[in-house]
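Have the sequence and the 3D view open side by side as you read.

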Amino acid sequence: MTAPTTTPGAAPGLFDRVVRPALFRIGGGDAETAHEWTLRRLAGISRRPALLAALRARYAVAAPRTVFGLDFPNPVGLAAGMDKDGRALPAWPALGFGFVEVGTVTAHAQPGNPRPRLFRLPDSGAVINRMGFNNAGAAALAARLAALDRPLGVPLGISLGKSKVTPIDQAVEDYLASYRALYAYGDYFAVNVSSPNTPGLRSLQDRSHLDALLTALAGEKPVLVKIAPDLTDAAIAELLEVCLDRGAAGVIATNTTLGRDGLAPADLPRAGEAGGLSGRPLTARARQVVSFVHAETGGRLPVIGVGGILDPADGTALLDAGASLVQLYTGFVYRGPGLVRGLARAARN
Ligand SMILES: Cc1cc2nc3c(=O)[nH]c(=O)nc-3n(C[C@H](O)[C@H](O)[C@H](O)COP(=O)(O)O)c2cc1C
């Protein structure tokens, strides 16, 4: 593994030397096969209380804070998309996460795009994905959450998206169906209107669509809007007005980008893969968007900062830019649970 995925000046740890290379060899290097293998292992661990306790003792860090009325044991969350169907829920807090966002889930179960649809770009500390909301559907997630035998111990967010079969002009009903099915189980809901992999979805960030969506999802529980990093400042400002008018609890910034800047030369052959880019190439833009949202709303709308956290310093920079909480996906792939612990510790100081 090359420079961008290890901390400058730090000796590589067990994850960097042994675990990541082993995981990256699974399935002949196919990223989705490795992902599925890992999720299955974590689902297995989730059924073993002694293993969970051992992991918790190693990784869980207390850095409590209260945001949009919820108590978080630490501000470092698992971003949406890693555990779309909530298959390994108890494992995430044991690996140090202070909250978990499951999904994105849709009203109808759907297979997502054809494989291959997930690509690692290791020299860039990046991933490209065009998964297309593969998930077992809102009812299946509700059943799985209902069957959990003990509380997670951390807030659970549920990310909602639009089913591919549903036309964009019926999007509100589609989101509402998932929201109703899952309302009892989520501590907060994330409205995903920013995935680049469902045709037309990003148009739901426009004023009229978003207004209708947030009006329909009004309830007692916090609803947050997840935004794309590719929006202009003017478009973000308009979206924030709608969020404030309609009582959204916060904004999640950002989803993956359609841009291809910041890739290492060795990864350029992969740059032409369709889909959203995440990881290191997103670090600076995510920070800009967090900072813009914070300034534009005068801090009135809490922000969950996400995008390109590969080192604890990337995460603290997002918190310094105005994020109340942070999440990671790609950084967890490259750095493992040590990154979660390191960032939670850094956030405590
Ligand atoms: C393979 C993959 C699948 C993702 N799926 C979702 C998803 O279903 N819903 C969502 O809101 N974001 C999804 N994301 C976006 C992440 O939650 C996150 O916003 C983005 O990757 C930037 O963070 P990162 O640089 O830490 O990965 C996905 C990202 C990846 C890499």
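This is a predicted model: local features need pLDDT of at least 70, side-chain atom pairs count only at pLDDT 80 or more; totals for chains, interfaces and linings use all residues.

Residues are numbered from 1 along each chain as its sequence is written. Helices (H or I, at least four residues) and strands (E, at least two) are DSSP runs, numbered from the N terminus.

**The barrel**

- Eight strands make a closed barrel in the order β3-β4-β7-β8-β9-β10-β12-β13, and the pairing is parallel. Two strands pair if DSSP finds at least two bridges between them.
- On average, neighbouring strands here are turned by 25° against each other, direction ignored. For angles in general, axes are lines fitted to C-alpha atoms, for helices over the stretch in contact, and angles run from 0 to 180 degrees between N-to-C directions.
- Strand β4 runs parallel to β7 (residues 156-160), and four bridges join them. Within that pair, V102 sits opposite I158 in β7.
- Helix α6 (residues 171-182) packs on this sheet, where it touches β4, β7 and β8 (188-192), and its direction makes about 155° with that of β7. Contact between two residues takes C-beta atoms, placed from the backbone, within 7 Å.
- Helix α9 lies across β10 (250-253) and β12 (303-306), running at about 170° to β12.

- Three strands form an open sheet, ordered β5-β6-β11, with antiparallel pairing.
- Its edge strands are β5 (118-121) and β11, each pairing on one side only.
- Neighbouring strands of this sheet are turned by 20° against each other on average, direction ignored.
- β5 and β6 are joined antiparallel over four bridges, and F119 has I128 in β6 as its bridge partner.

**Helix against helix**

- *α8 with α9.* The axes of α8 (residues 233-245) and α9 (residues 283-296) come within 11 Å and cross at roughly 50°. The two helices are therefore oblique to each other; angles under 35 degrees count as roughly parallel, over 145 as roughly antiparallel, 65 to 115 as roughly perpendicular and the rest as oblique.
- The crossing of α8 and α9 is right-handed. A crossing is left-handed if the near helix is turned anticlockwise from the far one by less than a right angle, and right-handed if clockwise.
- From α8, D233, I236, A237 and L240 meet V289, F292, V293 and E296 of α9. That contact comes to six nonpolar, no polar and two charged residues. Ala, Val, Leu, Ile, Met, Phe, Trp, Tyr, Cys and Pro count as nonpolar, Asp, Glu, Lys and Arg as charged, and the others, Gly among them, as polar.
- *α9 with α10.* The axes of α9 and α10 (residues 312-320) come within 9 Å, crossing at roughly 20°, so α9 and α10 are roughly parallel to each other. Their crossing is right-handed.
- T283, A286, R287 and V290 in α9 meet D314, A317 and L318 in α10. By class, this contact has four nonpolar, one polar and two charged residues.
- *α5 with α6.* The axes of α5 (residues 138-146) and α6 come within 9 Å and cross at roughly 15°, which makes α5 roughly parallel to α6. This crossing is right-handed as well.
- A138, A139, L141 and A142 in α5 meet A177, S178, A181 and L182 in α6. The contact divides into seven nonpolar, one polar and no charged residues.

**Around the ligand**

- Which residues are closest to the ligand? They are A79, G81, S278, Y329 and T330, out of 28 residues that surround the ligand. A residue is near a molecule if its C-beta atom, placed from the backbone, lies within 6 Å of it.
- The elements giving two or more residues to this shell are β4 (99-105), β6 (126-129), β11 (276-279) and α11 (330-335).
- By class, the shell has 11 nonpolar, 15 polar and two charged residues.

- Most residues other than glycine have a negative phi, and most peptide bonds are trans.
- The bond from G103 to T104 is cis, with omega near 10°, and T104 is in strand β4.
- Another cis peptide bond joins A253 and T254, with omega about 15°; T254 is in the loop between β10 and β11.
- F68 is not a glycine, yet has a positive phi of about 35°. Look for F68 in the loop between β1 (65-67) and β2 (70-72).
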